[in-house]
Amino acid sequence: MPPRNLLRSFIALWLVTGLVLLIGSAATLREALVGSPHANPHLVVLGGAEAAAALLFIMPRTFRIGAVGLLITIGIAFAVHTALGQFR
């Protein structure tokens, strides 16, 4: 069994990663809704799916499903940004 400090570090990393992804996807969802300057139904779907996956990722019993969902949504977003030439 690994030392407790190492386990705590990985749990903190897991929770912070999930929370940051949840906050970021909620911001994307909010900005893409109808009535905002950047309204886009495709972003609503992608942001909603990413937010749901981030919630599942945070919960211990469903973190594997959430991880797969995050990989898929982030992969789609990466592919779209790459195709549009939007590199930061």
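Reader: What covers the buried residues of α3?
Author: The cover includes α1 (4–32) and α2 (41–58). Keep in mind that this is a predicted model.

Reader: OK, and which residues of α3 are the buried ones?
Author: G66, G69, L70 and T73. Looking down the axis of α3, you find those buried residues within an arc of 100°, so they line one face of the helix.

Reader: Then which exposed residues does the face turned away from the buried side carry?
Author: On that face of α3 sit R64, L71, F78 and A83, which count as exposed.

Reader: How far apart are the end C-alpha atoms of α3?
Author: They are 30 Å apart. Helix α3 covers residues 63–83, and at 1.5 Å a residue its 21 residues should span 30 Å, so the model agrees with the expectation.

Reader: And just after α3, which residue takes a positive phi?
Author: That's G85, with a phi of about 70°.

Reader: Switching topic. Where does S25 sit?
Author: S25 is in helix α1.

Reader: Buried or exposed, that S25?
Author: Buried, with a relative accessible area of 0%. The cut-off for buried is under 20%, so S25 qualifies.

Reader: What does S25 touch, leaving out residues up to four places away in sequence?
Author: S25 touches G47, E50 and A51.

Reader: Let's zoom out. How many helices and strands does the protein have?
Author: Three helices and zero strands. Read from the N terminus, the order is α-α-α. The radius of gyration is 15 Å, well over the 12 Å that the globule rule gives for 88 residues, so the protein is more spread out than a compact globule.

Reader: What does the C-alpha trace span along its principal axes?
Author: About 50 × 25 × 20 Å.

Reader: What share of the residues counts as buried?
Author: Of the 88 residues, 19% are buried. The protein exposes about 6600 Å², and 74% of that area is supplied by carbon and sulfur atoms.

Reader: Last one, on contacts between residues at least 6 apart in sequence: what share joins residues at least 24 apart?
Author: For this protein that share is 46%.

Notes: Residues numbered from 1 in each chain as written. Predicted model: local features only at pLDDT ≥ 70, side-chain atom pairs only at ≥ 80, totals over all residues. Heavy atoms only, no water. Helix = DSSP H or I, 4+ residues; strand = E, 2+ residues; numbered from the N terminus. Rg over C-alpha atoms; globule rule 2.2 N^0.38 Å. Buried < 20%, exposed > 50% of the residue type's maximum accessible area, 1.4 Å probe, protein only. Contact = heavy atoms within 4.5 Å. Areas by Shrake-Rupley, 256 points an atom, 1.4 Å probe, with all protein chains shown as cover. Expected span 1.5 Å × (residues − 1). Arc of directions from axis to C-beta.
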